[in-house]
Amino acid sequence: HLDKRHRDLLKALPYELRVRIVLPILRQKALQLDSSPETLRLLDEIGEPRMPPPRDAGPGGLQEPSFMVATGPVDRITRQSEHTLTSALWSLSLRSLIVSLNRAPAGEHQQKAIDDLVH
């Protein structure tokens, strides 16, 4: 399983960044078990760009969403953090990888693909 530092980092990542890190691992593990066209389609749908989340209007216009961890907002991570997170993600089961994506706010289309992969 992931240690607390990796869990917190993964939780704080925006969906697009989380997918960029998790999807290659998820794809490889899933295709080892099932390389059907349906599985390939679902994996492709998870990686498709989504509509941006609605933003609250702030005093000067649009307010950017904030992704927080103990150290502050996360909109990118260092290569070292990404490398250690990726290494830790390889130890997870296929279902745990899918659940890690399911915990991030995804678009409706991506959420359906994640749910279909689980079931």
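A crossing of two helices is called left-handed if the near helix is turned anticlockwise from the far one by less than a right angle. Keep that in mind for the second stop. The model on screen is predicted.

**Stop 1: the whole chain.** Colour by secondary structure. The chain holds 6 helices and 4 strands. Starting at the N terminus, the order is α-α-α-β-β-β-β-α-α-α. Of the 119 residues, 36% count as buried. Take contacts between residues at least 6 apart in sequence: 72% of them join residues at least 24 apart.

**Stop 2: α2 and α3.** Select residues 15-33 for helix α2 and 37-47 for helix α3. Their axes lie 9 Å apart, at an angle of about 165°. Angles over 145 degrees count as roughly antiparallel, so α2 and α3 are roughly antiparallel to each other. Their crossing is left-handed.

Now show side chains. From α2, pick Tyr15, Val19, Leu23, Leu26, Arg27, Ala30 and Leu31. They meet Thr39, Leu40, Leu43, Asp44, Ile46 and Gly47 of α3. This contact between α2 and α3 is made of 9 nonpolar, 2 polar and 2 charged residues.

**Stop 3: the core.** Select Leu13, Leu26, Ile46 and Leu89. These have the most contacts inside the largest nonpolar core, a set of 27 residues. Helices α1 (4-12), α2, α3, α4 (79-90), α5 (94-102) and α6 (108-118) each supply at least two of the core's residues. The largest share, 9 residues, comes from α2.

**Stop 4: Ile46.** Centre on Ile46. What is it in contact with, leaving aside neighbours within four places in sequence? The partners are Tyr15, Val19, Leu23, Leu26, Leu101, Gln110, Ala113, Ile114 and Leu117.

Note on methods
Residues numbered from 1 in each chain as written. Predicted model: local features only at pLDDT ≥ 70, side-chain atom pairs only at ≥ 80, totals over all residues. Heavy atoms only, no water. Axes fitted to C-alpha atoms, helices over the stretch in contact; angles between N-to-C directions. Parallel < 35°, antiparallel > 145°, perpendicular 65-115°, else oblique. Contact = heavy atoms within 4.5 Å. Nonpolar A, V, L, I, M, F, W, Y, C, P; charged D, E, K, R; others polar. Core = buried A, V, L, I, M, F, W, Y, C linked by side-chain atoms within 4.5 Å. Buried < 20%, exposed > 50% of the residue type's maximum accessible area, 1.4 Å probe, protein only.
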